Amino acid sequence: MPGATFCLLIFLEMKKIPLLLCCLILAGAVRAQVSDTAIKVLMQHRMYPCNEVEYNSIVLAQRFFDNGAPPDSMDALVAFWKRHCDVGERPFTLSLLNEIRNNKFHEWMDGNDYVMSRDKSTFTGGNLYPDYVLAYLNEYKVSCQGGFADEHFDDWKSWNYPLPATVESYYKFYTQYYAFLRRMAASMIGKRKYTPVEDFLLHFYANPDSVHFASLSTLEGDTSVLAKRYADFKTFNNSVHGFSSSLHMGMWLPNGPLATVGSHPYFTYAIGGRTNNLMFDFLIGFRAGTSPNSYYTERFDSVYKTDNFLSWYTGFDFGARLAGHGKHELDLLWGVGYEELQVLSVSYDDPNASNSTNTINKSLKSFYANAGLGYRIYVTNKETKNKNHLRRYFSLQAKYNHINYNNTGGTDLTGGYATIGVAYGIYTHAQKRYTFKD
């Protein structure tokens, strides 16, 4: 028989093939098909993909809890889930509640317990709890409200998992899981004396819509990692800091002999950043117009009468918050930089040049230093669609600048100047894994 011959060849070439495989191949030659069940028997090397492990873990966790299984059963389930999945909110929450239930909670999440520890040979897990706990509490709260990620269901479909079979069954499956977690947490409340952080977590997991993170600030005598992390993240998200960008406009008001060239509007663009109390910006700007008074300047051994005025400048601005509350802030401002003032630009005909018109230019150059005050009003304080924290503001600013223009051979233009103007700008920073909305 062709099937028997084929089986014999296979046996001679690969002696380790089980007899069952030869029989299946022989039956396949006779019937031209093998049952799905028979093939499954041969699938001996299980890979345990995370989605499959998660589905079964969710089913088993509810069964263990409802049937009163021994504590080590849930321990083993949680450990298995972690070994086959990356760090995530769903195994984290079950693990945390199980630790409180077994009186083993100690605010620790070892990264080496998860499959991610195999991603790199140099991976060192350490305690992931401080960096993840707030984000996962918030994710749990959103999930209890039905906010599952649609792309997660897309993963189920792309990996060809038969369960959940539809979008409706997917949502029902996870809705039941989060209802189970709330029930599990509620069943533990009042069972023994808990630490402040354990008590907060149980009440939060049982009623995520009614327990606010702000209550962590009022837990008397609480020195938990969670309470400290909340305080740190709240300070980070509520303080004014991050990338800055601003536009400035106002009046340039010279004094002393420099007042000859008159007052002029100025326009500045600045970018930089700030901490809660200190500011730093790089700026570039210009002033334009003509001088209301004529004056003299020397160029190429000739003295010219001019009313020219065009100025540009670049430098660094610094600031420190002196006082502030809510939407209002008073700042100390100072800066240094370089500027030029064009005092001459005249054209003349030159018959010896290929271009019949040439220009004689002259600019006075100087470094500057300034100091002043700014009064800032914040008009926007919100979270953007891409999860950044955005603040918009207007700032009324007044500064005095010291410079040293040397107009050799011409009109004395020494002196300083003041600037009075308004700035419109933004501060933005990325949220650190959690936004405090309650």
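1. Start with the cysteines: Cys50 and Cys85 are joined by a disulfide, with the two sulfurs 2.1 Å apart. Keep in mind as you look around that this is a predicted model. The link between Cys50 and Cys85 is right-handed, at 110 degrees about the S-S bond, and the structure holds one disulfide.

2. What does the pair tie together? Cys50 sits in helix 4, while Cys85 belongs to the loop between helix 5 and helix 6, so the bond connects parts that are 35 residues apart in sequence.

3. Buried or exposed, then? Cys85 has a relative accessible area of 2%, so it is buried, the cut-off being under 20%. Cys50 comes out at 28% relative accessibility and so counts as partly exposed.

4. Next, have a look at the largest nonpolar core, which has 51 residues. Leu94, Tyr129, Leu201, Tyr205 and Leu226 are the ones with the most contacts inside this core. Several helices supply two or more residues to the core, among them helix 4 (50–66), helix 5 (71–83), helix 7 (129–144) and helix 11 (225–238). Helix 9 gives the most, with 10 residues.

5. Setting aside neighbours within four places in sequence, Leu201 is in contact with Leu96, Ile100, Phe105, Tyr129, Leu137 and Leu226.

Conventions
Residues numbered from 1 in each chain as written. Predicted model: local features only at pLDDT ≥ 70, side-chain atom pairs only at ≥ 80, totals over all residues. Heavy atoms only, no water. Core = buried A, V, L, I, M, F, W, Y, C linked by side-chain atoms within 4.5 Å. Buried < 20%, exposed > 50% of the residue type's maximum accessible area, 1.4 Å probe, protein only. Helix = DSSP H or I, 4+ residues; strand = E, 2+ residues; numbered from the N terminus. Contact = heavy atoms within 4.5 Å. Disulfide = S-S within 2.5 Å.
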